[in-house]
Amino acid sequence: MEMYRRLFDGDHPDVASSLNNLALLYKSQERYSEAEPLYIQALAMCDRILGVNHPFTAKIRENLAILQRQSTPRAIWMGWLVQLVQILRAILILPFSRLWRSLKRLIRN
């Protein structure tokens, strides 16, 4: 009977897993403010159901810690900086790659 009560109350490892997966999706979309409450809810649920030392509980705790590190202003600025460098590198390399292709065509003819 206890198992059925937990299923209807929403306290179930599958529900926690779904919350974790949705939070992972939000994190991948950089929707950190939406992902964090889901991780917290999944972690609380796993703490109650599985215990604090269960591997799945530890994984959710680790996911939450990673999210919190990534959502700091410094981490966000570093992410933007990396993207900017990649764009600038592509802008600089693109003309040379076109020149290289043109030279290869000339050499073949």
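What share of the contacts with a separation of 6 or more in the protein chain is between residues 24 or more positions apart? The figure is 53%, where contact means heavy atoms within 4.5 Å.

Some ground rules. This is a predicted model, in which local features need pLDDT of at least 70 and side-chain atom pairs count only at pLDDT 80 or more, while totals for chains, interfaces and linings use all residues. Residues are numbered from 1 along each chain as its sequence is written, and side-chain values use heavy atoms, with hydrogens and water left out.

The protein chain has five helices and zero strands. Helices (H or I, at least four residues) and strands (E, at least two) are DSSP runs, numbered from the N terminus. Of the 109 residues, 20% are buried; that means under 20% relative accessible area, with exposed over 50% and partly exposed in between (1.4 Å probe, protein chains only).

Now the packing. Helix α2 (residues 13–28) packs on helix α3 (residues 32–49) at about 160°, with the axes 8 Å apart. Axes are lines fitted to C-alpha atoms, for helices over the stretch in contact, and angles run from 0 to 180 degrees between N-to-C directions. That makes α2 roughly antiparallel to α3 (under 35 degrees is roughly parallel, over 145 roughly antiparallel, 65 to 115 roughly perpendicular, the rest oblique). Among the residues making the contact are L19 and L22 of α2 and L38 and M45 of α3. By class, there are 16 nonpolar, two polar and two charged residues. Ala, Val, Leu, Ile, Met, Phe, Trp, Tyr, Cys and Pro count as nonpolar, Asp, Glu, Lys and Arg as charged, and the others, Gly among them, as polar.

Next, α3 and helix α4 (residues 55–70) cross at roughly 155°, and their axes come within 9 Å. These two are therefore also roughly antiparallel. Residues that meet include Y39 and L43 in α3, and I60 and L64 in α4. This contact divides into 11 nonpolar, four polar and three charged residues.

Last, the aromatic rings. How many aromatic pairs does a search of the whole structure find? One: W77 and W80, edge-to-face, 5.2 Å centre to centre with 80° between the planes. Rings of Phe, Tyr and Trp (its six-membered ring) pair if their centres lie within 6.5 Å; planes under 30 degrees apart are stacked, over 60 edge-to-face, the rest tilted. W77 is exposed at 58% relative accessible area, and W80 is partly exposed at 45%.
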